[in-house]
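Here is a short report for a reader new to this structure. Look over the sequence and the model, then read on.

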Amino acid sequence: MNDELLVDKRQVRRSFEHAAATYDDAAVLQHEVCGRVLERLDYIKLEPATILDAGSGTGNALAGLARRYPRARIVALDIALAMLARGRSRLPKWKSLLTGRSPLAAVCGDIEQLPLAAGSIGMVWSNLALQWVHDLQQALGEMQRVLAPGGLLMFSTFGPDTLKELRGAYAGVDRHTHVNRFIDMHDIGDMLVKAGFADPVIDMETFTLTYADVRELMRDLKAIGAHNVTQGRPAGLGGKTLLGTVARNYETLRRDGRLPATFEVVYGHAWKAQPRVSPGGRPVIEIKPQKGVWG
């Protein structure tokens, strides 16, 4: 991958720290996708003792997860402390009658370096957060590490058609990158297998939001912290000439008085396989002969 398209992690944290107060009002699509991923849990039989909400943001999934799994402890993890602070207010401050502990723990941390013990999580949930990691393979490996055998990873992220209109409007205006990169669902599936997950299931759907003009779209992206965080981004916002060119390019797509913005949402889930055991309960270790050694 071109280094200019890689994510600048410090900029990701900074963007979401600044967007914490405006996120919920602007994140219409994020809330809708969250609801749809929660509905998918209705078809999965699982009773996790501990759930990790990886990239929890302002905690829009916390109440839904708590209703579905009332006995579970939820760990809300986000790279932005201001986001976590807003998320903590979404659940009542009561202690579980079964465990005597608070059902919610908030951790400021990085998905690519989870500060959690191996095998300590029953379900990893991540709604529209994985597109902000620097190395998705590393992040998936960390999620697989912290899951207990038989645990579930449930996630959504954005695919490569996301903001294709804005990307096209910026094409050729300068040598910088202006729209974040998004990974294809087939590549995500390959990464899941490489990370050691079993039975991955991935699908996608496309949403089209409409805006009065390019500035309205950019204001919405800023309000949810979805800035251009690539390493090849320009140092400033760009002058009036550049923004005027982008606006004119985008105008060619206007339909029924509105400008479209495409968001490709990728949904997926996969399991951490249970270890194989013999009829006597001993772990089974598969040994594969090497050519030229065992014939």
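Leu163 lies in the loop between β5 and α7 (164-170). Helices (H or I, at least four residues) and strands (E, at least two) are DSSP runs, numbered from the N terminus. Leu163 counts as buried, at 9% relative accessibility. Buried means under 20% relative accessible area, exposed means over 50%, and partly exposed is in between (1.4 Å probe, protein chains only). Leaving aside residues up to four places away in sequence, Leu163 touches Val179, Leu217, Leu221, Thr262 and Phe263. A contact here means heavy atoms within 4.5 Å. Phe182 is 19 residues from Leu163 along the chain, and their C-alpha atoms are separated by 9.8 Å.

**The model and its confidence**

This is a predicted model, in which local features need pLDDT of at least 70, side-chain atom pairs count only at pLDDT 80 or more, and totals for chains, interfaces and linings use all residues. Residues are numbered from 1 along each chain as its sequence is written, and side-chain values use heavy atoms, with hydrogens and water left out.

pLDDT is the predictor's confidence in each residue, from 0 to 100. Its mean over the protein chain is 86, and 81% of the residues reach 70 or more. Over residues 291-295 the pLDDT is below 50. Beyond near neighbours in sequence, that stretch has three contacts in the model. Where pLDDT is low, the predicted coordinates should not be read in detail.

**The chain as a whole**

The protein chain has 10 helices and seven strands. Of its 295 residues, 48% count as buried. Take the contacts in the chain with a separation of 6 or more: residues 24 or more positions apart account for 81% of them.

**Strand β1**

How many residues of β1 are buried? Five of its five are, and the strand is mostly covered. Both faces are covered. Thr50, Leu52 and Ala54 are buried on one side, Ile51 and Asp53 on the other.

β1 has a partner in strand β2 (residues 73-78). The two run parallel and are joined by five bridges. Two strands pair if DSSP finds at least two bridges between them. Within this pair, Leu52 stands opposite Val75 in β2.

**Helix α6**

Helix α6 spans residues 136-146. Its buried residues include Leu136, Ala139, Leu140 and Met143. Glu142, Gln144 and Val146 are buried in α6 too. What covers these buried residues? The cover includes β1 (50-54), β4 (121-127), β5 (147-158) and α8 (185-194).

Asp135 caps the N-terminal end of α6. One of its side-chain oxygens lies 3.1 Å from the backbone nitrogen of Gln137. A polar contact is a pair of N or O atoms within 3.5 Å; within protein, one must be able to donate a hydrogen and the other to accept it, and residues adjacent in sequence count only if both atoms are side-chain atoms.

**Salt bridges**

The structure holds eight salt bridges. A salt bridge is a side-chain nitrogen of Lys or Arg within 4 Å of a carboxyl oxygen of Asp or Glu.

| Pair | N to O distance |
|---|---|
| Glu32 and Arg36 | 2.7 Å |
| Arg36 and Glu205 | 2.9 Å |
| Arg40 and Asp203 | 2.9 Å |

Glu32 and Arg36 both lie in helix α3 (residues 28-40). They are four residues apart, about one turn of the helix. An α-helix has 3.6 residues a turn, so residues three or four places apart point the same way. Glu32 is partly exposed, with a relative accessible area of 36%. Arg36 is partly exposed as well, at 30%.

Arg36 also forms a salt bridge with Glu205. This pair links distant parts of the chain: Arg36 is in helix α3, Glu205 in strand β6 (residues 198-211), 169 residues apart. Glu205 counts as partly exposed, at 24% relative accessibility.

Arg40 forms its salt bridge with Asp203. Arg40 lies in helix α3 and Asp203 in strand β6, so the pair ties together parts that are 163 residues apart in sequence. Arg40 is partly exposed at 28%, and Asp203 is partly exposed at 29%. Elsewhere, salt bridges that share partners join Lys9, Asp110 and Glu112 into one network.

**Cysteines**

A disulfide is a covalent bond between the sulfur atoms of two cysteines. Here it is counted as a pair of cysteine sulfur atoms within 2.5 Å. By this rule the count is zero. Cys34 is buried, with a relative accessible area of 2%. Cys108 is partly exposed, at 44%.
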